Amino acid sequence: MRKLAALLLACSLALAACSDAPGSSTEPAPARPGPSGSNGSPAAAGLGAPTRVKVAVPSGLASAPFNQDRYLQLPAGWTATVYARVDKARFMAPTPSGDLLVSQPGAGKVQLVRAGAVSEFATGLRQPHDMVFAPVNGQMFLFIAESNRVIRYPYSNGDTKAHDGQVVVDGLPDTSTPELRGTYAHVLKNIAVHGETLYVSVASTCNACVSDTVSDPQRATIYTYAAGGTNASRHLLARGIRNAEGLAFRPGTDELWIVVNNRDNTLVPDDRDVDGDGKSDKGKRMPEFVDDYPPEEFIKVRDGGFYGWPFCNPNSDNGLHNMGFLRDYELNRDGSKADCAKADPIDLGLPPHSAPLGLTFYNGAAIVPLHGSWNRTKPAGYKVLYIPWTASGPGDPVDLAAGFVGADGKWWGRPVDAAIDTDGTVLVSDDGSGTILRLTPPRAN
């Protein structure tokens, strides 16, 4: 079914690239102020020009924010529909039988969505976040990342309830870790399974701190474990990754890719004149600089790799591809803590403070929802990016879905994750409005 879905979406994207006849609910999208974070060409990415599309809302699902008309900018010919309402919906996992699982960390639940109807699949969990289906020794399992462990459930097609859970990894750091005294800034965990190996992101506890680099386990890292379940198999795969989200393997390869939420409130690291008064602003915290540094990250993870945090920040002065680093002024001013020239380059920079969360590979591209900034002078993110693939890696991002921020500058939705349904449509979870959106490309006649 997934191969069929891929073919359907491939055909639909080709149609979208040449479609310019919007339906009755679409019109050319107006110019949008502020940074788009999308510097690619929709046509080059195989997508049609952006159009303004009214979100269709089925009867019974029109509670706020859909108690008034909502619009998105989508490629020409695409439509948007509210598929289900799931309060504070976070990560998703399509089931092998064609249903959808949605995590609710705050409620400690995983919900099952079947044909738009919502029911409880698993309850009593500790902040469940990311989920993935994977076979181990011939048995299909659902892996769920809780804040302090990873648990797996054997799965049979059509299951509507989780049963017989087995702990794969425990003792992961969270707010119960004594040294953290109940404080953990990025406690939610993300995972991937590839072959017989489980990959776990252990995010930083802070904005920027040295303590995470000397803890056990180290934080701001990715570890691997045997998917069969034993803590003794722990291996530190990569470090210097502040908050890795959306772990995903590029189809047909052994390449692990992630999106990363980078740090805030960076001090000016060099003698640049940020405010234009003719003087160096080195060492100052200035909104004009903080707004645009450092970029968020989209990177391929190397075993043994070091990706900078907290001592080196990616430098976008010369573009967003294959970025090197600048020393962090607060923690590595003289370069004694880390040699930034030896850190692994960042494959692609994403809009600063836009908070990329999900990562889904599909149809030779990457889909990355941007949750949105919390402290930028003008909002960044609040959209879904489509990143085409080139011979050298990720190309320039373009918008797949934008418009989650209204004309008044206030958001009505915050995208989290993306998943591909069996019919080739793109599902997007939104924890701001408590919604699963269905984005449908144009179909062949």
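The model is predicted, so local features need pLDDT of at least 70 and side-chain atom pairs count only at pLDDT 80 or more, while totals for chains, interfaces and linings use all residues. Residues are numbered from 1 along each chain as its sequence is written, and side-chain values use heavy atoms, with hydrogens and water left out.

Cavities come first. The structure has 2 cavities of 30 Å³ or more. A cavity here is a set of points, on a 1 Å grid over the protein atoms alone, where a 1.4 Å probe fits but cannot get out; lining residues have an atom within 4 Å of a point. Grid points are joined across faces, edges and corners, and a volume is the space filled by probe spheres set on the points.

The largest cavity holds about 60 Å³ of space. Its lining includes Thr266, Phe289, Tyr293, Pro294 and Arg327. The elements that give two or more residues to this lining are strand E21 (312-314) and strand E23 (325-327). Helices (H or I, at least four residues) and strands (E, at least two) are DSSP runs, numbered from the N terminus. By class, the lining has 8 nonpolar, 2 polar and 2 charged residues. Ala, Val, Leu, Ile, Met, Phe, Trp, Tyr, Cys and Pro count as nonpolar, Asp, Glu, Lys and Arg as charged, and the others, Gly among them, as polar.

The second largest cavity has a volume of about 30 Å³. Among the residues that line it are Phe121, Leu142, Asp159 and His163. Its classes are 6 nonpolar, 1 polar and 2 charged.

Next, the backbone. Tyr293 and Pro294, both in the lining of the largest cavity, are joined by a cis peptide bond with omega of about -15°. Pro294 sits in the loop between helix H2 (287-290) and strand E19 (296-300). Another cis peptide bond joins Trp309 and Pro310, with omega of about -5°. Pro310 is in the loop between strand E20 (305-306) and E21.

Two alanines are left. Ala115 has phi near 55°, a positive value in a residue other than glycine, and Ala220 has phi near 60°, again positive. Ala115 lies in the loop between strand E7 (109-114) and strand E8 (117-122); Ala220 lies in the loop between strand E14 (197-202) and strand E15 (221-226).

Which of these counts as buried, and which as exposed? Buried means under 20% relative accessible area, exposed over 50%, and partly exposed in between, with a 1.4 Å probe and protein chains only. Ala115 is exposed because its relative accessibility is 74%. Ala220 is at 0%, so Ala220 counts as buried.

Methods:
1 Å grid on protein atoms, 1.4 Å probe; cavity = no way out; pocket = protein on both sides within 12 Å on 5 of 7 lines; lining within 4 Å.
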